[in-house]
Amino acid sequence: MQVTSYTFTRELRLLTPAQFKSVFTKPIKASSAEITLLAIPNSEQHPRLGLTVAKRFVKKAHQRNRIKRIIRDNFRLHQHELPPIDIVVLVRNGVVEMDNTDLHKLVEKLWRKINRRYNG
């Protein structure tokens, strides 16, 4: 019996500028007013995540960290439902006002949307 791991290890992250850049060329998109997901198929056996939370949208470091933590955590829990894609998360203006529960729900909805677009 294989145990499903829910860790967020290095191989689940986009680490280099080149890895980020590749996602911006012809991505699959899923977006809401506050968050946009861009994704491209990758050659790995699992999805990978990259986060960009711009200072101009989220001024305070603790707010940026909270947003990144929630998105990372949500990705960690849903990684096994996602296809092998590289995802870059872009955060926009209204995200600071969202509480943790709303942010979790929104991100889950976007995972489902990107999944459908990838498979559809």
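**Ground rules.** I number residues from 1 along each chain as its sequence is written. Because the model is predicted, I ask for pLDDT of at least 70 for local features and 80 or more for side-chain atom pairs, while totals for chains, interfaces and linings use all residues, and side-chain values use heavy atoms, without hydrogens and water.

**Entry 1, salt bridges.** I searched the whole structure and found three salt bridges. My criterion is a side-chain nitrogen of Lys or Arg within 4 Å of a carboxyl oxygen of Asp or Glu. Side chains of opposite charge can pair when their charged atoms come close.

I took D86 and R48 to begin with. Their side chains meet in a salt bridge at 2.8 Å, N to O. D86 sits in strand β4 (residues 85–91) and R48 in strand β3 (residues 48–52), so this pair ties together parts that are 38 residues apart in sequence. I take helices (H or I, at least four residues) and strands (E, at least two) as DSSP runs, numbered from the N terminus.

Next I looked up burial. I call a residue buried under 20% relative accessible area, exposed over 50%, and partly exposed in between (1.4 Å probe, protein chains only). D86 is buried at 3% relative accessibility. R48 is buried too, with a relative accessible area of 11%.

R48 has another partner. The side chain of E44 meets that of R48 in a salt bridge at 3.9 Å, N to O. E44 is partly exposed, at 33%.

I then checked R76 and D73. Their salt bridge comes out at 2.5 Å, N to O. Both lie in helix α2 (residues 61–78), three residues apart, which means a separation of about one helical turn. R76 is partly exposed at 25% relative accessibility. D73 is also partly exposed, at 25%. As for shared partners, salt bridges join E44, R48 and D86 into one network.

I looked at how α2 packs on helix α3 (residues 100–119). The angle is about 45°, and the axes are 10 Å apart.

I listed the contacts, meaning heavy atoms within 4.5 Å. On the α2 side they include I67, I70, D73 and F75, and on the α3 side L103, V107 and W111 are among them. By class, I note seven nonpolar, four polar and three charged residues. Nonpolar is Ala, Val, Leu, Ile, Met, Phe, Trp, Tyr, Cys and Pro; charged is Asp, Glu, Lys and Arg; polar is the others, Gly among them.

I found R13 in the segment before α1. R13 is partly exposed, at 31% relative accessibility. R13 and L49 are 36 residues apart in sequence, yet 4.8 Å apart in space, C-alpha to C-alpha. Leaving out residues up to four places away in sequence, R13 touches F8, Q19, R48 and L49.

I looked up the backbone of K26. K26 has a positive phi of about 50°, although K26 is not a glycine. This residue lies in the loop between α1 (17–23) and β1 (28–31). K26 is exposed, at 80% relative accessibility.

How values were computed: Axes fitted to C-alpha atoms, helices over the stretch in contact; angles between N-to-C directions.
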